[in-house]
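Dear colleague,

Please find below the structure that I am handing over to you. My findings follow directly after it.

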Amino acid sequence: MNVPPIDLSRAHGRIASQLAERFAGIFQTTSFVLGPEVKELEEGFARFLGAAGCVGVGNGTDALVLALRALGLQRGDEVLLPAFSFFATAEAVLLLEGVPVFVDVEPTTLNLDPADAAAKVTAKTVGVLGVHLYGRPFDVTAIEALCARHELWLLEDAAQAHGATWQGRSVGTLGQLAAWSFYPTKNLGCFGDGGAVTGPDAGLLARVRSLANHGQAGRYNHLEVGTNSRLDSFQAAVLNCRLPLLAADNARRREIARSYAAGLAGVGDLRLLADPPGSAAVYHQYTVRTARRDGLQEHLRQQGITSSVHYPVALHQLPAMAPFGPQPAVPEAEAAAREVLCLPIFPEMTDDEVAAVVTGVRAYYR
Ligand SMILES: Cc1ncc(COP(=O)(O)O)c(C=O)c1O
C-alpha cells in the first residue's frame with residue numbers, strides 16, 4: 001500500500017461542489033481582491049478563535065513581517081525565537097533588520113525552552129516570537145510570565161496550529177499578535193498561498209490591515225510605507241469551505257495520533273513527543289525521534305510510505321545565517337534536526353493507511 005504524506009486531492013473532493021459554486025459567485029461579482037469571500041473568512045476565523053479580529057494577508061511569511069512591523073520592531077532589536085522551526089520564523093525578523101536570538105527547545109515538545117529564553121534576554125530584547133511547532137502549543141504560561149517580567153511583546157507563529165489550545169485558550173489570541181499561514185498543507189489550508197494575522201487588540205490589527213494595503217487609511221491616503229499583501233478571493237473561498245470542517249479534521253488528526261502513540265510506544269529507540277498538561281495539540285505533523293532516522297525513512301520508502309523531515313538543519317546552522325557571523329551552539333535544536341521524522345498524517349487518511357505505517361515502523365526495529 002502506498003501511503004502519501006498528505007493527499008490534497010482527497011481534501012478537494014470533499015468540498016468540490018461547494019467550491020465550484022463559490023468560484024462561480026466570484027466570477028459573477030468580479031470581486032477578485034478583498035471581496036465578500038475575504039470578509040467572510042476574516043469574520044469566521046476570528047469567531048472560531050475568539051479573536052478580536054483577523055486580517056487576511058498574502059502568506060504566512062508576510063503575516064510575520066507585518067505583525068513585527070505593527071509591534072514596532074526596529075533595526076538591531078533582538079527577538080527571542082526557537083532555533084528549531086521553519087526558516088520564515090527567523091527570516092521575518094531578518095527582513096526587518098532585527099536580530100534573531102536562537103533559543104533552545106525542550107526535548108519532549110521541541111518547543112521553546114522557557115529557561116533558555118530567560119537566560120538569553122538582554123537590554124536589546126524587545127519580544128518573543130514563539131512557534132507552536134507541529135501544532136503543539138509552546139509553554140504559553142511560562143513565556144507570558146517572561147514577557148511580563150521584561151516588558152516584552154509576544155508574537156505567536158501559529159502557522160502549524162489552527163485550532164490548538166493552551167489551558168482552554170485558542171492559540172492566535174494569546175500574544176499581542178499571531179501570524180498564520182494557509183499554505184495548502186496546513187491544518188487550515190487554501191489551494192495556493194494565503195495567510196492571516198489575528199490577536200486580541202483591534203488597534204494593532206488595524207495597523208496590520210493598513211500596512212498590508214500600502215499603508216492606506218482610506219483610498220489614496222497613504223500614511224506610511226506599507227506593502228501589497230492581500231488575501232485573494234479564490235483562496236478565501238477555499239478557506240470558507242474548509243473552516244467548518246476544521247474542528248472535525250483536528251479531531252481525526254488526534255485520533256490518528258492516538259493510534260500512532262499506541263502502536264509505537266516502546267518500539268526500538270523511538271521517542272514520541274509529549275503534550276504538556278492543559279494543552280490540546282492539533283497534530284499538523286506526527287513527529288518521532290530516533291537515532292536511526294535516515295534508515296527508518298528509507299525503510300518506510302521501500303514499503304511505499306512517504307515520511308518527511310521537518311527540519312533537517314536548525315535555523316542558526318543554515319547557510320543563510322552565515323553572513324550574520326558565528327552563532328552560539330543550541331544543542332537540543334541541533335539534536336532534533338538529526339533525529340526527527342514526521343509520519344504521514346492528514347484527516348482523510350484511512351485506518352488501513354494508519355495501520356500500514358505502524359506496521360512499517362515496527363518492522364524496521366524487528
Ligand atoms: C512555522 C512556520 N512559520 C511560517 C511559515 C511561513 O508561511 P508561508 O509559507 O505561508 O509563507 C510556515 C509555513 O511553511 C511555518 O511552518
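How many nonpolar, polar and charged residues does the lining of the largest cavity have? Six of the lining residues are nonpolar, none is polar and five are charged. Please note that the model is predicted. The residues that line the largest cavity are I6, D7, L8, A11, P184, K186, R242, R253, F346, P347 and E348. The volume of this cavity is about 50 Å³, and the count of cavities of 30 Å³ or more comes to one.

As to the overall fold, the protein chain contains 12 helices and 13 strands. Its radius of gyration is 20 Å, close to the 21 Å that the globule rule gives for 366 residues, so the chain is as compact as a globular protein of that length. Along the principal axes, the C-alpha atoms fill a box of roughly 70 × 55 × 40 Å. Of the 366 residues, 55% are buried. Among contacts with a separation of 6 or more, 71% are between residues 24 or more positions apart.

H316 is located in the loop between α10 (293–302) and α11 (331–339). H316 counts as buried because its relative accessibility is 7%, and the cut-off for buried is under 20%. The side chain of H316 forms a polar contact of 2.7 Å with the side chain of E334. Leaving aside residues up to four places away in sequence, H316 touches A83, F102, M321, Q327, P328, A329, V330 and E334.

With kind regards

Definitions and conventions
Residues numbered from 1 in each chain as written. Predicted model: local features only at pLDDT ≥ 70, side-chain atom pairs only at ≥ 80, totals over all residues. Heavy atoms only, no water. 1 Å grid on protein atoms, 1.4 Å probe; cavity = no way out; pocket = protein on both sides within 12 Å on 5 of 7 lines; lining within 4 Å. Points joined across faces, edges and corners; volume = space filled by probe spheres on them. Nonpolar A, V, L, I, M, F, W, Y, C, P; charged D, E, K, R; others polar. Helix = DSSP H or I, 4+ residues; strand = E, 2+ residues; numbered from the N terminus. Buried < 20%, exposed > 50% of the residue type's maximum accessible area, 1.4 Å probe, protein only. Polar contact = N/O pair within 3.5 Å; in protein donor to acceptor, adjacent residues only side chain to side chain. Contact = heavy atoms within 4.5 Å. Rg over C-alpha atoms; globule rule 2.2 N^0.38 Å.
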